[in-house]
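Terms are given with their cut-offs where they come up.

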Amino acid sequence: MTPASNHQISRENRLVITALVTATFVVILNETIMNVALPRLMAELHIDAPTVQWLATAFMLTMSVVIPTTGFLLQRLTRRSVFILAMGFFSAGTLLAALAPGFPILLLARVVQACGTAVMLPLLMTSVLSLVPVARRGQVMGTVSIVISVAPAIGPTISGLILQFLSWRFMFLTVLPIALAALFFGARHLGGTAENERPRLDALSVVLTVPAFGGLVYGLSQLGGEGTGLGPAVPLAVGLVCLALFVLRQLRLQRSGSPLLDLRAFLHPMFTVATALLVVGMIALFGVVILLPIYLQEVRGLDTLSTGLLLLPGGLVMGLLAPFVGKWFDRVGPLPLTLAGTALMTAVLFVFAFLTAGTPIWAVLALHVGLSLGLALLFTPAFTSGLNPLPPHLYSHGSAILSTLQQVAGAAGTALLVGVMASQAQAAVTSGAAANPIDAQMAGFRAAFLVAAIVAIASIVLAAFLRNRPAAETTEGAEAREAVH
């Protein structure tokens, strides 16, 4: 095999990656497709804001609980079997959501959807690492970042268009035939064998993920003071304790070779830096994706169609730039791209912290496009630089860790920023600082964006340390790209 051939991707492998990218785009789109619909769902299902928020938060939370098991699944099952399992769950959940008679069934359907979605992203990233040579990974990861960043960003646009003319049920009825088509296409073209390792599933580790991640996200969601019951302190404490126990359990299982998540991926410094960078980026992305529709509809009075169209250019910017960012990464590395992206993201969030009820709509549009540009420059280099250093036996675990923390960050970011918004709005009313409800709401929005901006400062520091240090080429990795697993 010549050096030039090492940089080529076979037709069969291109077909596999295309099928996985298409299916993953469809399933991840559902992370945010309901954000614009929340006000209508509150009215039609007779539920309040803290309750309806769980349609978005529970989706991401379920993903964070299920994703850690994908490392086990990818080692025990073939790529085709994992794909059919994931898309089967997603399609069943989508059908159930479309037919849901009320909120409890709709929430259950979102959980079932999330079980399928959770498996697809690690499956896609592990397949890219196995089938694509290092020299081409930046370009391919650019396409993958379209799935990761653009699908959630354009979810509100698509739902806005649907809700303007049809029932909210069509958000799911529109997606269902596409999901079924992807399921049958992938089942026909994907093949392969499982990894050589045959680990056992540690039930205690799986059980610990629920209070660990669930406690953290639930506790953050209570910061707004809208919830009832234990408040934020107890679930946050339970979440932190269970997270510590989960980590200790994985460290112990590493000696036997069967951890649910192999934390030895963090022994690679660039993986650790990239993971922290992506956590901050996801907090910014999901926070803005849920805050802006609320601001545009409740403060500015825009309908769902106008809201969706206003958010569309930002999604298009990320989608159109992603392949170019991947090519630039292959040429210049991550440093100039991530520094520019994080600086722009942080600056835009600080400007959002000065938002008013009279801010021109064109300015809001320009800020959203600027934020999308910053995120486009961040995601592809961070994902590629984080996963490149891993040896083949850590591909599935590294992808699962990255995806898990990404979803926890999205869920926690949403809960935290909505909580800050609600608490500051209530404080403004209680103190008499707000002359009317709109002023109180704006105090909440500004406080939430300010918190996001302060968190984003950390991303600039992290970006300065990011480098692309691929692992040494191995015979196993070369053979993996010669045939579709």
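## Basis and burial

A residue is called buried under 20% relative accessible area, exposed over 50%, and partly exposed in between, with a 1.4 Å probe and protein chains only. Ile-283 has a relative accessible area of 19% and is therefore buried.

The model is predicted: local features need pLDDT of at least 70, side-chain atom pairs count only at pLDDT 80 or more, and totals for chains, interfaces and linings use all residues. Residues are numbered from 1 along each chain as its sequence is written, and side-chain values use heavy atoms, with hydrogens and water left out.

## Overall figures

The protein has 20 helices and zero strands. Both element types are DSSP runs numbered from the N terminus: H or I with at least four residues for helices, E with at least two for strands. Of the 485 residues in the protein, 58% are buried.

Contact means heavy atoms within 4.5 Å. Among contacts with a separation of 6 or more, 85% join residues 24 or more positions apart.

## Helices H14 and H18

Helix H14 (residues 269-299) packs against helix H18 (residues 395-431) at an angle of about 40 degrees, and their axes are 7 Å apart. Axes are lines fitted to C-alpha atoms, for helices over the stretch in contact, and angles run from 0 to 180 degrees between N-to-C directions. H14 is therefore oblique to H18. In this scheme, angles under 35 degrees count as roughly parallel, over 145 as roughly antiparallel, 65 to 115 as roughly perpendicular, and the rest as oblique.

The crossing of H14 and H18 is right-handed. A crossing is right-handed if the near helix is turned clockwise from the far one by less than a right angle, and left-handed if anticlockwise. The contact includes Thr-275, Ile-283 and Gly-287 of H14, and Leu-402, Ala-409 and Gly-413 of H18. By class, this contact has 16 nonpolar, seven polar and no charged residues. Nonpolar covers Ala, Val, Leu, Ile, Met, Phe, Trp, Tyr, Cys and Pro; Asp, Glu, Lys and Arg are charged; the others, Gly among them, are polar.

## Two residues of H14

Ile-283 is found in helix H14. Leaving aside neighbours within four places in sequence, Ile-283 is in contact with Ala-409, Gly-413, Leu-417 and Val-455. Ile-283 and Ala-456 are 173 residues apart in sequence, and their C-alpha atoms are 8.6 Å apart in space.

Thr-275 also lies in helix H14. With 4% relative accessibility, Thr-275 counts as buried. Not counting residues up to four places away in sequence, Thr-275 touches Phe-266, Leu-402 and Leu-405.

## Other helix pairs

The axes of H14 and helix H15 (residues 304-332) come within 9 Å and cross at roughly 150 degrees, so H14 is roughly antiparallel to H15. H14 passes H15 in a right-handed crossing. The residues in contact are Leu-285, Leu-292, Pro-293, Leu-296 and Gln-297 of H14, with Thr-304, Thr-307, Leu-310, Leu-311 and Met-318 of H15. The H14 contact with H15 has seven nonpolar, three polar and no charged residues.

Helix H2 (residues 11-29) and helix H7 (residues 79-99) pack at about 20 degrees with axes 11 Å apart, and are therefore roughly parallel to each other. Their crossing is left-handed. H2 contributes Val-16, Leu-20, Ala-23, Val-26 and Val-27, while H7 contributes Arg-79, Phe-83, Met-87 and Phe-90. This contact has eight nonpolar, no polar and one charged residues.

## Further single residues

Thr-384 sits in helix H17 (residues 361-387) and counts as buried, at 1% relative accessibility. Apart from neighbours within four places in sequence, Thr-384 is in contact with Arg-137, Gly-138, Met-141 and Phe-329. Val-134 belongs to helix H9 (residues 134-165) and is partly exposed, with a relative accessible area of 21%. Val-134 and Pro-389 are 255 residues apart in sequence and 9.9 Å apart in space, C-alpha to C-alpha.

His-46 is in the loop between helix H3 (38-45) and helix H4 (49-52). At 71% relative accessibility, His-46 counts as exposed. The phi of His-46 is near 60 degrees, a positive value in a residue other than glycine. Most residues other than glycine have a negative phi.
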